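User: Hey, I'm new to this one. Can you walk me through it?
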Amino acid sequence: KTEITELLGIEYPVIQGGMAWVAECHLAAAVSNAGGLGLIAAGGAPAEWVREQIRETKKLTDKPFGVNIMLMNPESEKVAKVIVEEGVKVVTTGAGSPEKYMADWKAAGVKVIPVVASVALAKRMERCGADAVVAEGTEAGGHIGELTTMVLVPQVFDAEHSKQLIYRHSYRTQYRKFTLTHIEARSYDIENICTGYYGQEN
């Protein structure tokens, strides 16, 4: 058990990546049933599609699962409301700051884990009450910043005086990079590593 398994009510400290149009109800349920945290990726999808996926996931698992919101989605505000209406207990966010949704989510008991690409955003999310952050480097692809994960993680860790949990989310992860990250995690006393899209570069 680790702090993240206790926080999310899962068996293993594994958080599935929010892959748009890939991470739907079947994948999310499978990961949750296996003991990790499955995620439905809202991506650029309409809010009602997300609602449908949430309801389908509930039919497939009684384990905790969450929704990943890409905040550049024109319907992100509607998706944020669906999270509360459907009783989702975990949300991860990317491509921006979820600050304006945080009060409603926290009031509904939602665990909020934003993806951050900078120290400034990590500090801001801590002030807003985020339960954890995902420090994501530029090699992850998608809507992120310019720093690599290996540079970003120590900076975020040093800046988070509350010792808020830090996770790693990497897009194209080779085995040697994964090993290095574990070495880095031990150096910084980080218990949990979140790796999305795990596999060889291609």
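**Aromatic pairs and a helix**

Analyst: Trp-105 is buried, at a relative accessible area of 1% (buried means under 20%, exposed over 50%, partly exposed in between, with a 1.4 Å probe and protein chains only). This is a predicted model, where local features need pLDDT of at least 70, side-chain atom pairs count only at pLDDT 80 or more, and totals for chains, interfaces and linings use all residues. Residues are numbered from 1 along each chain as its sequence is written, and side-chain values use heavy atoms, leaving out hydrogens and water.

User: How many aromatic pairs does a search of the whole structure find?

Analyst: The search finds two. Rings of Phe, Tyr and Trp (its six-membered ring) pair if their centres lie within 6.5 Å; planes under 30 degrees apart count as stacked, over 60 as edge-to-face and the rest as tilted. Trp-21 and Trp-49 form a tilted pair, 5.4 Å centre to centre with 55 degrees between the planes. Tyr-101 and Trp-105 are also a tilted pair, at 5.5 Å and 40 degrees.

User: Is Tyr-101 buried or exposed?

Analyst: Tyr-101 counts as buried, at 8% relative accessibility.

User: And Trp-21, buried or exposed?

Analyst: Trp-21 is exposed, with a relative accessible area of 58%.

User: New topic: which residues are buried in helix 6?

Analyst: Leu-121, Ala-122 and Met-125 are the buried ones in helix 6, residues 119-128 (helices are DSSP runs of H or I, at least four residues, and strands are E runs of at least two, numbered from the N terminus). On the other side of helix 6, Ala-120 and Arg-127 are exposed.
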